[in-house]
Each structure stands twice: as C-alpha cells, then as structure tokens.
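Here is a short note for your first look at this protein. Keep the structure open as you read the points.

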Amino acid sequence: RHLSNVRFLPPQPRERLSLLLASCDAGLVSQKSEVSADLVPSKLYGIMAAARPVLAAVPDDSEVARVLRNAECGWIVEPESGEALAAGILMAFSASTSTREGMGQRGRAMCVREYSRTASTARYDIPARTPTAWRYGLIPSSYGAIEHQFGHARGAVSLVTDVSSEMVATILPLYLVYTLGF
C-alpha cells in the first residue's frame with residue numbers, strides 16, 4: 001500500500017536511536033501472550049527516557065504493564081489483537097497533546113528516579129545484603145559476583161528463575177553498567 005501517514009525507514013545507526021525515539025509522538029512495545037511476564041524489552045526504557053508515552057500491546061500481568069501503570073505513562077492493550085492495537089492507537093492520538101506530554105514526562109521521571117545508573121547503583125547496596133543476594137553470590141561492589149551470576153557474554157543475559165522481579169530490576173542495570181558500559 002501507499003500510505004501517506006506512515007514512513008518506513010531503513011535500519012539506523014545506534015547513535016541516532018535517541019533522536020529517533022524523541023521524534024515520535026508515542027512509542028510502541030508489543031509482546032506475544034506467551035512471553036514471560038518478567039521479560040521487559042529494553043526499548044520500553046528508551047521510549048520512557050525520551051519522554052514519550054508508550055502504547056503497549058502486552059499481557060495485563062506483565063512487567064511492562066506494571067511499569068506503565070506505576071509511572072502512569074502509557075496505554076495497555078491486549079497483545080496479538082489487531083483490533084485492540086488499532087483502538088489503542090486511536091486512544092493515544094485522540095488524547096490531548098498535554099496528556100501525551102504529561103505521560104512522557106512521568107515516564108522520563110521514573111527512568112531517572114528508578115532506572116538511571118545512579119539510582120540502580122544506590123539501590124544495589126540494600127538488596128545485596130539480603131539472604132537471597134548472598135545465596136546467589138551477589139556481594140556489594142563485587143564485579144566478579146555479577147560476572148559469575150550473568151556471564152560475561154555481550155548480548156544475551158540469562159537469569160535464574162526464582163529471583164524476584166525487584167531483585168532483577170536491581171541487578172540487571174548494574175550488569176549493563178559494569179559489563180556493557182552503559
């Protein structure tokens with residue numbers, strides 16, 4: 001089809017990611033229904049950091065939905081449903097500009113408050129002293145323990161399944177900071 005209101009761009013260099021995210025009116029995050037409730041696509045945080053609202057076609061009990069509800073920064077619709085996605089798009093673009101801007105600002109504020117390097121490293125000292133942290137060898141300021149827990153391969157990160165999502169939210173940003181250099 002020849003759609004005048006949709007543009008498809010070729011793959012863009014990583015350096016342009018922030019500019020691309022900031023240029024949209026809203027960001028889209030989608031997941032299949034059977035995807036683990038704890039899995040969060042990294043683009044969610046990129047969209048939020050760019051101060052843009054998020055339209056999420058995700059399971060209602062997913063971590064993505066929880067983050068959006070807590071931050072009040074987007075809309076959640078049923079995954080894998082074209083009708084639900086179309087309704088979500090209409091809902092997002094029928095919202096006033098000030099509503100979308102407010103959602104975007106709340107999402108950005110949550111990123112700074114909860115997911116920035118400073119916030120993540122400050123939070124690390126508290127859970128690292130819990131029995132769960134000691135059980136998995138996560139000792140404060142021990143890069144070796146983090147490396148042992150997650151491996152040092154760039155790219156995929158596998159997590160043990162019985163660690164709470166709060167623990168993962170604390171540990172994973174540190175892994176990204178120390179191993180991938182974010």
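1. Read along the sequence, the pattern is α-β-α-β-α-β-α-α-α-α-α-α. That makes 9 helices and 3 strands in the protein. Both are DSSP runs numbered from the N terminus: helices are H or I with at least four residues, strands are E with at least two.

2. A word on the source. This is a predicted model, where local features need pLDDT of at least 70, side-chain atom pairs count only at pLDDT 80 or more, and totals for chains, interfaces and linings use all residues. Residues are numbered from 1 along each chain as its sequence is written, and side-chain values use heavy atoms, with hydrogens and water left out.

3. The protein has 182 residues, and 34% of them count as buried. Buried means under 20% relative accessible area, exposed over 50%, and partly exposed in between (1.4 Å probe, protein chains only).

4. Now the cysteines. How many disulfides does a search of the whole structure find? The search finds 0. A disulfide is a pair of cysteine sulfur atoms within 2.5 Å. Cys73 is buried, at 0% relative accessible area. Cys24 counts as partly exposed because its relative accessibility is 22%.

5. Look next at Glu34. Its place is in the loop between strand S1 (27-30) and helix H2 (43-49). Is Glu34 buried or exposed? Glu34 counts as exposed because its relative accessibility is 61%.
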